[in-house]
Amino acid sequence: MRVSILQQLAPFGARLVAVSKTQSIEKILMMYNQGQRIFGENRVQEIMEKKDSLPPDIEWHLIGHLQRNKVKYIAPFISMIHSVDTLDLAHEINKQAEKWHRTIPVLLQIRIALEETKFGIEITSLEDFMNQIMADPMQNLKVCGVMGMASFVDDQDQIKREFRTLKQIFDNLKSKYYAEDSAFKEISMGMSDDYLLALKEGSTLVRIGTLLFGPRS
Ligand SMILES: *Cc1c(COP(=O)(O)O)cnc(C)c1O
């Protein structure tokens with residue numbers, strides 16, 4: 001399964017985040033032994049429980065909602081945080097990263113879904129958010145791109161429109177704020193059910209769980 005997904009990603013130059021939430025150490029290790037290095041989890045506690053039983057060269061990505069008071073646990077090792085959606089959270093990541101003399105790569109989570117339930121920066125507040133980021137640069141936090149989740153609907157056109165919106169937002173941010181910054185290059189979008197659409201719309205990081213590991217318990 002993993003190899004066929006990788007073959008689909010290759011022409012797009014996109015990378016695979018293997019979403020291992022609720023999956024066992026054994027299953028993660030099997031995936032690791034096939035060469036997978038980037039694993040995504042959505043809960044801090046679960047990463048902390050798993051990581052010491054797994055090889056140290058795994059790149060852990062936090063893909064779910066992150067509470068400020070939990071940043072300190074993952075700051076020493078996290079490879080990327082996909083879910084930055086408030087300035088307070090960004091400042092806390094910066095502060096904790098500084099303690100470990102690290103720079104933590106992050107993505108800005110944008111609310112692209114029409115559904116009401118999702119986290120993420122509202123598109124209408126994005127300019128304000130960026131102005132504040134630019135006014136007060138954080139040395140230990142590196143904004144590397146954007147992340148979004150499409151609505152949980154069957155309507156492929158709607159999903160496509162939402163992904164297209166995220167790509168446009170990425171392009172706008174790139175030209176306006178990050179034109180000279182080669183690190184600003186990631187568009188994290190696409191899950192098991194919609195990653196092919198996401199790739200066509202410009203995804204650089206697909207977050208796939210169920211399709212790789214089978215259903216979650
Ligand atoms: C669980 C999860 C995924 C993966 O979902 P699948 O449908 O199992 O591929 C991707 N992104 C986020 C933020 C998730 O929480």
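How do the residues of the shell around the ligand divide into nonpolar, polar and charged? They divide into 5 nonpolar, 4 polar and 3 charged, where Ala, Val, Leu, Ile, Met, Phe, Trp, Tyr, Cys and Pro count as nonpolar, Asp, Glu, Lys and Arg as charged, and the others, Gly among them, as polar.

The model is predicted, with local features needing pLDDT of at least 70 and side-chain atom pairs counting only at pLDDT 80 or more, while totals for chains, interfaces and linings use all residues. Residues are numbered from 1 along each chain as its sequence is written, and side-chain values use heavy atoms, with hydrogens and water left out.

**Ligand site**

Around the ligand stand Val 19, Lys 21, Asn 42, Ile 63, Met 149, Met 191, Ser 192, Arg 207, Ile 208, Gly 209, Thr 210 and Arg 216 (a residue is near a molecule if one of its heavy atoms lies within 4 Å of it).

The protein buries 91% of the 390 Å² that the ligand exposes when taken alone (Shrake-Rupley method, 1.4 Å probe).

**Largest pocket**

The ligand sits in the largest pocket, meaning that more than half of its atoms lie within 2 Å of the pocket's grid points. A pocket is an open set of points on a 1 Å grid over the protein atoms alone, where a 1.4 Å probe fits, with protein on both sides within 12 Å along at least five of seven lines; lining residues have an atom within 4 Å of a point.

The volume of the largest pocket is about 560 Å³, taken as the space filled by probe spheres set on the points. Its lining comprises 27 residues, and Lys 21, Met 149, Phe 152, Met 191 and Arg 207 lie nearest its centre. Two or more lining residues come from each of α7 (156-177) and β8 (205-208). By class, 11 lining residues are nonpolar, 10 polar and 6 charged.

**Second largest pocket**

The second largest pocket holds about 240 Å³ of space. Its lining includes Thr 103, Ile 133, Tyr 178 and Asp 181. β6 gives the most to this lining, with 3 residues.

Conventions:
Helix = DSSP H or I, 4+ residues; strand = E, 2+ residues; numbered from the N terminus.
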